[in-house]
Amino acid sequence: MKRFLLITLTSLVALAGCHSFKKENVQPPTPLAKDFKPTLQVTRLWRTSVGDGAGVSGAPLRPAVVDGVLYADSTDGKLVAIDATSGKTLWSKSSRTHGWFGWGDKKRKDALYAGGPAVTGDLLAVGTLDGHVYGVNAKDGSPRWEAELNAEVLVSPVIVGDQVVVRTGDGRVYALDSATGQRRWVYDQGSVPLLSLRGNGQLLVANGVLFFGSDDGKLVALRLDNGSKLWEQKLSSGEGRTEIDRLNDVDGAILLDGATLYGAAYHGNLAAVDGPSGRPLWSHPFSSFGSLAVGGNAIFGVNDQSQVWAFDKNGGADMWKNDALKYRWLTGPAVQGNYVVVGDMEGYVHWLQTGDGALAARERLSKKAIRAQPLVVGDIVYVEDVEGRIGAYRLSAH
C-alpha cells in the first residue's frame, strides 16, 4: 500500500501549536507587518460554516459555484447548497442521520466527503475518504447513485458529457456513467511511489482529452472516451539522496491557456507544454505542491517556501517575487481582477498586485489554516478554512 507523507498545513499548524518551530528544518512563519496600510478595500459579503470542514484529514476541501449556487461538503458528512451572493442556505444534507443518504445498513459509518463537489446541470458528484463516489440531485440533495472504488478520493470529480471522471489516491482514474454510476473505464498508472505528498491535483478536461499531474512528477494526457494514454511529459526527475529528496508529486491543478498547458512539480519545474502534442515549450526550476493561476501575461505560483512568484507565461522569465509571506504556508494563488489572492496557515487572506506583487490588502477569515486554493467567480472570491468556515469577499479600489 502506498505510504503518504503528510506535509500539509495540518501538520505544520500542529507544529506551530506545540511551539516546535525551533526544531531543525521547520521555519517560523514570517510575522505580518503591524504597520501595513492597505491600498485596496475588501468587503466581506458573508461568512458561514459547513460541518467540521476538512479537519485533520489533509483533504483540501474547496467549494464549487454553479449558476449562483455554492456547493460545499465536509469530512463529517455535511453536504450543502448556499446562495453564492447572500450566503443563505438553500438545502443541507447530513449522512450522520441516515447512514449514506439512508441507503443500506444504517450502522455504516458516515460519508467522509473529501475534495469538494462537482456540479453540472442538476447532477452533483462528490467523493469520499473511504473510496465512494455519490451522484446527487443538485437541486435538493436527494440521492441518485453510489459507486465504490478502491481508494480514497482526495480531489473533486469532473463531470463532462455523460461521464463522471474521478481520481483516487492509488494512482487510478475512473470514468463513471453520469446517470447510473456504473464504471466505464479505468486508467491505472501501474505503480505509485512508496512515499508521496498527500493529495492529488484537480483533473482537467479539454477537447476530448483528460490531463492530470501524477505522483511521480509527470503530466499525463488520456483519451476521455476510453482512458488510453496519449502522452506523458516529465516535470521533475525525482532524483536525490533520500526518499524525501526524491519526492516529485504534481499535486496542483494543470492549467490550460489557449493550446498551452502549465504545471509545476514538487522538487521540479514549472513547465509549459503544447497541449495537442505534449511537446515541451519551456521549463523553469520551481518547486511547488500547490496549484497555479494565470492572469494576463503572467503565471502565478507559490513555491515550497511560500514565496509568491510571477512568471512570463510566454517564456517563463521571472517577473517578480514576494517573500513577505514566507513560511506562512500559503494556498495556491487565484486571480481576482488585478490582484492575486492567497490564504495562509493562520486564517488570513492576502491580496497582492498582479503587476509588481506588492501587498494590497488582508482580511482574516478565522484563526484556522486555509488549505484550499481560493475560488474566484465573477467579482467574488470564496475562501474556506480547515474547519469548514467559508467567506465571500468583493473588492473595490480606494
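The side chains of Glu232 and Lys229 meet in a salt bridge, with 2.8 Å from N to O. A salt bridge here is a side-chain nitrogen of Lys or Arg within 4 Å of a carboxyl oxygen of Asp or Glu. The model is predicted, so local features need pLDDT of at least 70 and side-chain atom pairs count only at pLDDT 80 or more, while totals for chains, interfaces and linings use all residues. Residues are numbered from 1 along each chain as its sequence is written, and side-chain values use heavy atoms, with hydrogens and water left out.

Glu232 also forms a salt bridge with Lys218, and the closest N and O atoms are 3.0 Å apart. Glu232 lies in strand S19 (residues 229–234) and Lys218 in strand S18 (residues 218–223), so this pair ties together parts 14 residues apart in sequence. Strands (E, at least two residues) are DSSP runs, numbered from the N terminus. Glu232 is partly exposed, with a relative accessible area of 33%. Lys229 is partly exposed too, at 43%. Buried means under 20% relative accessible area, exposed over 50%, and partly exposed in between (1.4 Å probe, protein chains only).

A further salt bridge joins Lys313 to Asp257, with the closest N and O atoms 2.7 Å apart. This pair links distant parts of the chain, 56 residues apart. Lys313 sits in the loop between strand S26 (308–312) and strand S27 (318–322), and Asp257 in strand S20 (residues 255–257). Lys313 counts as buried, at 15% relative accessibility. Asp257 is partly exposed, at 27%. Salt bridges that share partners join Lys368, Asp385, Glu387 and Arg389 into one network. By the salt-bridge rule, the count comes to 15.

Strands S30 (residues 348–353) and S31 (residues 359–364) run antiparallel and are joined by five bridges. Two strands pair if DSSP finds at least two bridges between them. Trp351 stands opposite Ala361 in S31. The hairpin of S30 and S31 has five residues between the strands, and Gly357 takes a positive phi near 80° there.

A search of the whole structure finds one cavity of 30 Å³ or more. A cavity is a set of points, on a 1 Å grid over the protein atoms alone, where a 1.4 Å probe fits but cannot get out; lining residues have an atom within 4 Å of a point. The largest cavity holds about 40 Å³ of space. Its lining includes Arg371, Glu384 and Asp385.

Key. Helices (H or I, at least four residues) and strands (E, at least two) are DSSP runs, numbered from the N terminus. On a 1 Å grid over the protein atoms alone, a cavity is a set of points where a 1.4 Å probe fits but cannot get out, and a pocket is an open set with protein on both sides within 12 Å along at least five of seven lines; lining residues have an atom within 4 Å of a point. Grid points are joined across faces, edges and corners, and a volume is the space filled by probe spheres set on the points.
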